[in-house]
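Here's a quick tour for anyone opening this one for the first time.

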2 protein chains.
Amino acid sequence: MAAEPLVIFTPSGRRGRFPEGTTVLDAARSLGVDIDSVCGGRGICGRCQVEPSFGTFAKHGITASPDHLSPAGEQEAAYERLKEPLAADRRLSCAAHLRGDMVIDVPPESQVHRQVVRKGLTVRDFVVDPVVRLHYVEVERPELASPSGDLMRLFEALEREWGLHDLAADLDVIRALQPALEAGDYAVTVAVHDGHDVTAVWPGLHDKAYGVAIDIGSTTIAGHLADLGDGAVLASSGVMNPQIRFGEDLMSRVSYAMMHEGGAIEMTRTVRTALRTLILGLATQAGIQPVDVVEITLVGNPIMHHLALGIDPIPLGSAPFALATDRAVRIRASELGLSAHPGARVYLLPCIAGHVGADTAAVILAEEPQRSTPIRLIVDVGTNAEIVLGNQDRLLAASSPTGPAFEGAQISAGQRAAPGAIERVRIDPATLEPRVRIIGVDAWSDEPGFAEAAEATGITGICGSGIVEVIAELFLAGVISADGVIDGSLAERTPRVVADGRTFSYLLHEGFAGGPRIAVTQNDVRAIQLAKAALYAGVRLLMDHLGIDAVDEIRLAGAFGSQIDTTHAMILGLIPDCDPAHVGPAGNAAGTGALIALLSGAARTEIERVVRTVEKIETAVEPRFQEHFVEAMALPHRTASYPNLSTIVTLPERPATGEGASATRGERRRRRVLAVGGPEEA
Amino acid sequence: MAAEPLVIFTPSGRRGRFPEGTTVLDAARSLGVDIDSVCGGRGICGRCQVEPSFGTFAKHGITASPDHLSPAGEQEAAYERLKEPLAADRRLSCAAHLRGDMVIDVPPESQVHRQVVRKGLTVRDFVVDPVVRLHYVEVERPELASPSGDLMRLFEALEREWGLHDLAADLDVIRALQPALEAGDYAVTVAVHDGHDVTAVWPGLHDKAYGVAIDIGSTTIAGHLADLGDGAVLASSGVMNPQIRFGEDLMSRVSYAMMHEGGAIEMTRTVRTALRTLILGLATQAGIQPVDVVEITLVGNPIMHHLALGIDPIPLGSAPFALATDRAVRIRASELGLSAHPGARVYLLPCIAGHVGADTAAVILAEEPQRSTPIRLIVDVGTNAEIVLGNQDRLLAASSPTGPAFEGAQISAGQRAAPGAIERVRIDPATLEPRVRIIGVDAWSDEPGFAEAAEATGITGICGSGIVEVIAELFLAGVISADGVIDGSLAERTPRVVADGRTFSYLLHEGFAGGPRIAVTQNDVRAIQLAKAALYAGVRLLMDHLGIDAVDEIRLAGAFGSQIDTTHAMILGLIPDCDPAHVGPAGNAAGTGALIALLSGAARTEIERVVRTVEKIETAVEPRFQEHFVEAMALPHRTASYPNLSTIVTLPERPATGEGASATRGERRRRRVLAVGGPEEA
């Protein structure tokens, strides 16, 4: 008797012998080859496409010829009529039967656990392994003589065809089952959540399910809509967080809840309305219905997280900043009143501590310090800076009260990053004249075309990245001393330095086209000093805990992190010294992490495990935080601390004393207070 | 060294030696003695009371003296101040420490799994083992330095103090947790559902939780409210099923759903409103708040079950009568809009088949045929008769289309069982004169005081039990022949038999006090014949399947089953012959079963297992059902079939032919049709 045909699958390399007539899909499954199918091998979903390879494979000792597979027949023709033509080299593995030795390639898009390489979004490669799976089944018809319920027969079919057991079904599914069976002639597709809960049922074959990943920021709420089958992001959008009318920053929202009866409920209602709007917008953009959204992930800082869930945020407003829960939360979309499929589930990543939220958990998921050998520092700057430091051995997290200066608030000419805002600045150390670039205009201010373009947008203020650059440049140019004082004596050399009461300002832009006069005041410098000192002190504290003096890599997350120039951030002393090649923006890492959690059950398991092991450092109870803070007021501290930076810029000499030479005793005391309560300029 | 004190617990007989100073509660727990506690041994809930026994126990070889237990101290004094005095012979087992050998009795009310003996309700004894348990815990306070969430610390406390793990919490619990912790000074009581879900949280000690068990009948909806701790029924009540306005019987409600767009939704809304009203009434009656109800069980026939869940009942209206689900359904009370605790769960017992519902499952739970050695027949008569037959070896169930005749519908003078209805009838075989008793009057019509009392209530009609009795009595008196014909020749002997077109009637009551004239017409006899033949044929069919000719026990469930006289039921041939000592009413067995399922998780497991093994017989597809039906039209079939009955009444001789001698061919054909579609008199 001749040996049974040998089939070898690539890229897995799995191989085995099977009787002639075995389908390629069955052979793949019995070898554990990862191959997708929604319809269960009925030739209708088209997910199980493979590419047969022909020729002699000396390495494997076999010759694969076209007649070693059954020719494409009626089943594949029907598929092409129903859905779309198959590529010339493709077969439906469920319709191709083995007749001899074969080498079969399973292309990435036919794998369930497919590796996803993203463009546009700064998402690391990860394996799509969604929590919701679609399964097409043919359910036995009810018979008078054996009166079992339709749900039972559905479960039996799911067990028989897909090996699923111990299933439960939502009440909505029980309600929708009989109409779906009737409409689908006893063939239906179900969504199974986490291998256990049947959360949706559709008549016939339904091979698309979608998910939405949302990052609820205090200012903006941003979301991605993705195909849960292949992980493709089909729409991305953002809306303002309408809670802003209750307070710009987090603490003012907590205050609102404290001061107004029902204030928290009002903010919950408001944010949920925005979530509905966002999902609706994403669905429209992707050309789908919100009812096709079956899975949602949410991240946000603890206060946004609690308000979205309808949990009173007041305990988060004062020590000990107790979270209601630091576990991942799994609920139904209907519990939050979100517009989605009635069976849609919501997954909220775990919060880490009272000031370190699910957004930071998402940042960890996106940036993976827990898998890194080098020590990685991840900073997400907002009103609070969330700081994560460590590597595969140990991970620490803290939040530092930077205040809103980096977002342009508390800065005389500060504004949000929007067209017309100055975002890039260079100052000539010789002439002390500035060059600027504004959002919405490509040219620098000394390049042709700038004036015309800028007249259209206006020059309206300085955004966060602009303020960091201008202060760093003024420092490099000697206009600002290491202790942060604008040198009034330079008023003799340049009309840019002007007296401003008892202190001095640097005039960055003389208003034109009705626009404002834009200057950097002494108060602005102080606000940035306080903010950057808070951030640096938090980082330094974690470095102390980890017992290190330098970090190997730095990732700047969030909108501010994407905008700022890392060199200027280092010049300003915002972040510790690091090889510039290993410093970079992380993009919207929180949103990315939410997306990863949407598309991968394994990622959820991982982040829940990691969050439990993260060491939470509370800056407010650490005396060393105060010391680091005071020390970090100067810019930059010590040249010796910035060996990498010193190779790329020439830093001014350090001042006579180490800790902000000109600071008076009163000023030092004030800084201590502000370091706890959040920076605030008198 | 002296041996450690020996402690013996009664009634379990468990014994062990423990170091001096061990609390009685700890000793009991380490021996696995069943002893209750909500507060976890803190001396505040009073659930763990025990009765120490003193004296010499020769059998055990020990002497227990009062000084072998620590004297009652501050903890028990505090309990008495806070709650209530302890009985003289009682101690809190958590406050009593062993000092020497002891015999300790655990009274029934201190056991978690307590045996309940019911009065009033006809409930078999069963072990209370509720699915919801209350646990008092002291939760660690949040600390700035170790910022774990409150929920995590709650779970840790529940694991530490109660050995509960893998817990999850409802969103409402997460929301309510922090306020409860604050109000309770970090001591809270939680409700844990099924050992897994935390569904409620209260500040401090909260030692009462309640449940409601509801039987949704087509006509009335009846419920019991019970204390989940000790199983005590605190309130029982019923409301009319307001769906009656959409149709008296089940099939007319399905018709309503078919004929009216949104009709099913309307009926769902209506029944849920009634459920809310019922729960509110029960809570008021018990002196509790609906929000203290944390668990609800529901039973009902398949159509009531589906409508309550909001499932379209139309598929239940025509073959193959497919249930949406034949599994137990577990949902939240909020999904049905019921007024209860936000975390309250609803459990619906499984339906068995398209015509055999969760109410029958509840009847099985109450009547336990699956634990019986004798073959038990259980019949629940409504518009359909649900029939269960078998014993521990095998159980069969069917539904037979009796129609509403037994409920007084389709009977010329028929009415519901209400004051003024004739419910008992005796007919003198010599004079053919009747004696009657009416609901609301104790005296028979030939006894003093009847006329006066009856004038008050009126004599308004005949209820189901009355119609069964009068026809059986007329048969025994020879007025009705074995084939159901009223003998017109008797009109010469008595004015009670009167011509009525081409047939005759028996005048039971000449109207008085403005009341109607009440007669039994030939059509009435036919309607009852059809109904009883359908019931009997169903029973007979199950007996055939089981291969038996006689049953050992008969239980008649439901309102009709409680009212009818079992001897008359046998004379009429409603039920097969059986020793009258083993025939009796089962009371509201469906409601009882719902109550058992409310109070016992083990009972839920049991009924789900039993329902899967029940053999469902569909009468409509069994040719023998037709044969039995035609044969069962006669009253009573064959004397030989009624050996037991023949010993207590003298039955008239059997007619010349076996199968309803006078039935014409046309009438036989009509009966065949009716047997499937439900009896209906032309």
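This is a predicted model: local features need pLDDT of at least 70, side-chain atom pairs count only at pLDDT 80 or more; totals for chains, interfaces and linings use all residues.

**The interface**
- On contacts, 43 residues of chain B touch 43 residues of chain A.
- The rule picks out two salt bridges across the interface of chain B and chain A. A:Glu335 and B:Arg332 form a salt bridge through their side chains, at 3.8 Å from N to O.
- On the side of chain B that touches chain A, the elements giving two or more residues are helix 3 (150–162), helix 4 (171–183) and strand 18 (329–332) of chain B.
- That side of chain B has 26 nonpolar, five polar and twelve charged residues.

**Cis peptide bonds**
- A:Thr10 and A:Pro11 are joined by a cis peptide bond, with omega about 5°. You'll find A:Pro11 in the loop between strand 1 (6–10) and strand 2 (15–17) of chain A.
- Chain B has a cis peptide bond between B:Ala319 and B:Pro320, with omega about 5°. B:Pro320 sits in the loop between helix 7 (302–309) and strand 18 of chain B.

**Positive phi**
- A:Tyr186 isn't a glycine, yet its phi is positive, near 70°. With 17% relative accessibility, A:Tyr186 counts as buried.
- A:Leu432, also not a glycine, has a positive phi of about 65°. Its relative accessibility is 0%, so A:Leu432 counts as buried.

Definitions and conventions
Residues are numbered from 1 along each chain as its sequence is written. Chains are lettered from A and ligands numbered from 1 in the order in which they are written. Side-chain values use heavy atoms; hydrogens and water are left out. Contact means heavy atoms within 4.5 Å. A salt bridge is a side-chain nitrogen of Lys or Arg within 4 Å of a carboxyl oxygen of Asp or Glu. Helices (H or I, at least four residues) and strands (E, at least two) are DSSP runs, numbered from the N terminus. Ala, Val, Leu, Ile, Met, Phe, Trp, Tyr, Cys and Pro count as nonpolar, Asp, Glu, Lys and Arg as charged, and the others, Gly among them, as polar. Buried means under 20% relative accessible area, exposed over 50%, partly exposed in between (1.4 Å probe, protein chains only).
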